[in-house]
Amino acid sequence: MTWLQIFMYIAFAVFAAGTAWKVYRIARMPIHLRWDLYPIPHEKGRAHYGGSYYEEFEWWTKPRETSRLNELWAMAKEIFFIQSLYHHNRSLWIWSFPFHLGLYLLVGFLLALATVALAGTLAPEQVIYSSAGSIFVFLAAASPYIGTVGALFLTVGSLGLLVSRLINRDLRSASGRTDYFNLMLLGAVGASLMVTDIRSRAGFLDIYFFIRHLVTLSPAQPLAPAATAHVLLAGIFLLWLPMTHMTHFVGKYFTYHRVRWEDHPNLRGSKIESALNRSLGYPITWSAPHISGKTWADAASAPGREEEKP
Amino acid sequence: MSPRRISIRDFCRKTGQLVELDPGQFLPLPAPYDTLEFQPKIKPLSEDGKRKYESDLDGVSAVKLPRPQTEDEKRVLVEKFLTGLRKLFEQENNWTFMQPLFLTMEYCARCQTCASACPIYTESDGIEIYRPTFRADILRRLYRTYVKASGRLTAVITGNGIEASWQMLARLMELSYRCTLCRRCAQTCPIGVDNGLVSRELRKIFSQELGIAADSLHRQGTQLQLSAGSSTGMPPAAFLDNIEFLEDEVEERTGRRFKWPIDKAGADVLLIHNAGEFLAWPENPEAFAIILEACGVSYTLSSEAVGYDSVNYGVWYDDVQFARVATRHAQIAKKLGVKKIVLGECGHAHKALTVVADRVFTGDNNIPRESSLTFLHQLIVKEQRLKLDPARNDDIITTLHDPCNMVRLMGIVQPQRDLLRAVSNNFREMEPHGVENYCCGGGSGFAITQDLNFPDWRHSLSGRAKMRQILDVFHDVLDPETKKYVCAPCSNCKGALRDLFASYGLFDRCNVLYGGLVELIVNAMVDLDRPYIEWDWH
């Protein structure tokens with residue numbers, strides 16, 4: 001095994017464990033008070049103007065009408081098109097959109113190569129550049145272009161965002177050193193792949209075989225300097241990612257589905273009610289004079305020490 | 001130093017008043033308020049006031065917090081704050097908001113999309129301390145430095161550390177009262193981060209751990225409500241007297257005499273108004289009574305303490321006080337045996353009892369709650385139980401102010417518009433409206449905060465976007481001969497508009513009046529022999 005291979009195993013492991021830990025931490029947090037924000041896209045027939053089931057007379061006596069399709073469509077627009085930024089911050093979207101698209105394409109590039117590599121291992125008879133009609137041929141043929149376009153978008157997007165942060169007063173005054181570092185790191189990841197030139201046979205095979213050796217746990221050959229730099233930078237990014245706000249690719253699920261769009265009514269006998277009963281039983285130790293009671297349920301039903309005074 | 005160049009470092013280290021406010025530097029308003037002549041001033045605190053109260057943020061005091069006199073006092077306050085900060089991230093102590101707060105702490109990309117959505121920041125023309133991420137970044141730094149396990153080390157590496165001092169915390173406390181919690185910032189955030197919640201949670205640390213909160217919300221707010229029966233200080237006996245007076249007044253205004261249902265067990269509906277209506281705008285509960293009587297609705301008011309006041313200021317600063325008030329409302333409804341609670345025209349009461357408290361009520365406390373807008377929409381638009389003629393409102397041009405709590409925060413957008421169109425031929429929308437509306441400037445308790453020079457700040461800044469919208473929507477009819485009506489179906493919004501209009505002289509200069517929705521409905525009732533709306537300043 002080369003040092004670069006070992007480094008990448010560590011990077012992937014830290015990325016996976018760090019991200020999983022964050023997801024686990026957030027997912028196991030107790031149910032919170034409702035804090036929804038409209039429009040909510042699953043509100044059937046009302047989402048387009050921001051309406052909710054509270055507009056329905058005695059809504060609790062009627063079946064709720066929701067649209068999963070609307071919600072999925074809103075999610076797709078947000079994930080792939082960064083729709084909210086498009087609507088509310090167009091000058092940043094111009095760079096943020098290619099930046100994110102570049103990342104998606106690079107993830108696609110990586111997955112395509114890993115798929116081809118695994119297939120090549122399982123069916124070693126010339127999977128790459130042979131077996132006409134195979135999906136793997138398509139993936140192998142398309143991946144240099146997917147990777148190149150992804151790298152280009154990521155580099156241009158990072159550069160644009162970086163320059164925006166430097167010249168826009170609003171952004172500059174709110175930016176910290178980590179914001180600049182993140183953009184420079186990702187820009188370097190994209191630029192180094194462009195320098196590797198994966199559209200050339202040598203550049204492509206360098207990256208392909210490195211990934212193949214990674215997924216098959218076999219020793220890799222030394223890489224060309226540009227490819228080494230790219231892999232190293234990608235590894236550093238993976239190591240750094242879980243410690244930053246850039247894990248918003250998972251965080252966003254919670255901010256939308258568990259807060260902003262979370263409008264499930266609490267009905268008697270429901271799971272929500274059971275969860276609430278647990279939370280209301282939590283001990284409370286806030287120490288301001290008006291707070292009394294050992295649990296939240298006590299505190300909510302007690303008048304409070306100060307209110308007891310005439 | 002320019003208020004547009006203040007940094008977090010300045011916020012922490014500079015001594016004395018950090019920002020000097022000059023309304024001449026804010027975004028200009030349309031005519032006739034395009035010069036400073038007719039605009040309100042922000043009066044500085046007196047020397048005595050500055051000495052007594054914490055006001056080193058921007059020379060304004062919302063909380064009226066006495067300055068600690070000794071270093072020891074300051075040290076104790078800082079320690080208490082840090083204890084509260086840690087509790088904010090404990091599951092047991094903050095199950096109520098821990099998940100949304102944690103997400104907000106972790107995922108802000110500092111893209112500043114929220115800044116252009118915030119009416120206070122934009123109307124101030126970019127005063128740095130009002131930027132939504134400014135206070136959020138301070139809390140983030142405190143969280144990273146004092147709460148996160150790897151905090152101090154990563155804070156040093158990333159340059160995101162912060163040292164807690166009383167001077168900084170006193171400014172931060174005041175800064176948490178420079179946000180109306182309208183949550184426009186959260187609505188536009190591409191990631192779903194909620195910098196408005198940060199203001200609320202900061203207020204919560206101060207209230208729940210240090211016992212410090214704006215008097216208007218706590219001592220004269222929830223505490224008074226829970227002890228006397230109402231945040232107005234009106235005890236049950238006075239409420240009953242008031243109702244008798246309102247019955248007389250209805251007879252005078254309409255010639256109709258009927259008994260208002262009080263404590264009627266087994267009624268279908270418990271109607272709860274913001275008690276401020278009975279004192280400041282009695283025509284509003286009177287209009288409700290006229291409509292419900294004419295529609296033949298089985299309803300009741302409650303004369304039990306808290307039961308006749310729908311306000312719940314806890315929703316803006318304190319989870320415990322919030323839960324106490326909400327629980328009292330539910331218990332009173334349960335005791336009366338009603339089928340549902342209907343909330344009068346009060347936006348925050350809508351959100352508090354209907355939405356937020358939905359995660360407080362269990363078992364038989366969980367009584368259905370409904371907005372009066374939805375309820376009236378059913379009676380008037382769908383069932384057409386009233387005979388209405390919109391032409392009776394033809395001499396008034398009407399616009400609608402959307403209370404944030406009803407639209408953006410609970411999705412009630414269309415019923416009020418259908419109702420308005422049923423009673424007015426001259427209805428025009430402000431821009432933006434609906435879920436993208438601007439706050440009246442009185443959100444999160446600002447409308448009731450009348451201490452020191454805070455109202456000046458509110459009129460000049462937090463209400464400025466609404467003032468601009470009103471001037472824009474009526475731009476072609478601003479002459480004093482044309483009657484213009486800002487329909488605001490919310491008591492707090494009405495309070496904010498009343499003070500805003502008075503400070504700009506908007507009624508005298510441009511003949512713009514404000515009021516609720518039900519007043520317009522009653523004004524359009526064909527079987528009343530004279531107009532219900534009295535066109536005078538009140």
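The account begins with the contact between the chains. In the predicted model, 72 residues of chain A are in contact with 75 residues of chain B. Several helices of chain A each supply at least two residues of the side that touches chain B. They are α3 (83-88), α6 (169-174), α7 (177-196), α10 (248-260), α11 (271-280), α12 (296-301) and α13 (305-308). The largest share, nine residues, comes from α10(A). By class, this side of chain A has 34 nonpolar, 23 polar and 15 charged residues.

Within chain A, helix α7(A) also packs on helix α9 (residues 225-240). The two axes come within 8 Å and cross at roughly 155°. An angle over 145 degrees counts as roughly antiparallel, and α7(A) and α9(A) are therefore roughly antiparallel to each other. The crossing of α7(A) past α9(A) is left-handed. On α7(A), the residues involved are L185(A), L186(A), A188(A), V189(A), S192(A), L193(A), V195(A) and T196(A). They meet A226(A), A227(A), A229(A), H230(A), L233(A), A234(A), I236(A) and F237(A) of α9(A). This contact has 13 nonpolar and three polar residues, and no charged residues.

A76(A) is placed in another helix of chain A, α2 (residues 68-81). Is A76(A) buried or exposed? A76(A) has 11 other C-beta atoms within 10 Å, so A76(A) is exposed. In sequence, A76(A) and E262(A) are 186 residues apart. In space, their C-alpha atoms are 18 Å apart.

Chain B holds an open sheet of four strands in the order β2-β1-β3-β4, with parallel pairing. Its edge strands are β2 (299-300) and β4 (369-371), and each pairs on one side only. Strand β1 (residues 269-272) of chain B runs parallel to strand β3 (residues 340-343) of chain B. Four bridges join β1(B) to β3(B). One residue pair is V269(B) with K340(B), its bridge partner in β3(B).

Two helices are placed against this sheet. Helix α17 (residues 347-355) of chain B lies across β3 and β4 of chain B. The angle between α17(B) and β3(B) is about 160°. Helix α18(B) packs on the sheet too, touching β3 and β4 of chain B. The direction of α18(B) makes about 70° with that of β4(B).

A further open sheet of four strands in chain B has the order β6-β5-β7-β8, again with parallel pairing. Strands β6 (427-428) and β8 of chain B stand at the edges. Each has a single partner strand, so one side of each is left without a neighbour in the sheet. Strand β5 (residues 396-400) of chain B pairs with β7(B) in the parallel sense over five bridges. T398(B) has Y485(B) as its bridge partner in β7(B), and T399(B) stands opposite V486(B). On the other pairing, β7(B) and strand β8 (residues 512-515) of chain B are parallel over four bridges. There, Y485(B) has L513(B) as its bridge partner in β8(B).

How covered is β7(B), and how many of its residues are buried? Strand β7 (residues 483-487) of chain B is mostly covered, with four of its five residues buried. Helix α19(B) lies across β5, β6 and β7 of chain B. It runs at about 175° to β5(B). Helix α22 (residues 491-504) of chain B lies across β7 and β8 of chain B. Its angle to β8(B) is about 160°.

Helix α18(B) touches the β3 and β4 strands of chain B, and it also meets helix α19(B). The axes of α18 (residues 372-382) and α19 (residues 414-423) of chain B come within 9 Å and cross at roughly 40°. The two helices are therefore oblique to each other. α18(B) passes α19(B) in a left-handed crossing. From α18(B), the contact uses L373(B), T374(B), L376(B), H377(B), I380(B) and V381(B). From α19(B), it uses P415(B), Q416(B), D418(B), L419(B) and A422(B). By class, these comprise seven nonpolar, three polar and one charged residues.

Terms used:
Residues are numbered from 1 along each chain as its sequence is written. Chains are lettered from A and ligands numbered from 1 in the order in which they are written. This is a predicted model: local features need pLDDT of at least 70, side-chain atom pairs count only at pLDDT 80 or more; totals for chains, interfaces and linings use all residues. Axes are lines fitted to C-alpha atoms, for helices over the stretch in contact, and angles run from 0 to 180 degrees between N-to-C directions. Angles under 35 degrees count as roughly parallel, over 145 as roughly antiparallel, 65 to 115 as roughly perpendicular and the rest as oblique. A crossing is left-handed if the near helix is turned anticlockwise from the far one by less than a right angle, and right-handed if clockwise. Two residues are in contact if their C-beta atoms, placed from the backbone, lie within 7 Å. Ala, Val, Leu, Ile, Met, Phe, Trp, Tyr, Cys and Pro count as nonpolar, Asp, Glu, Lys and Arg as charged, and the others, Gly among them, as polar. A residue is buried if 20 or more other C-beta atoms lie within 10 Å of its own, exposed if 12 or fewer, and partly exposed in between; C-beta atoms are placed from the backbone. Two strands pair if DSSP finds at least two bridges between them.
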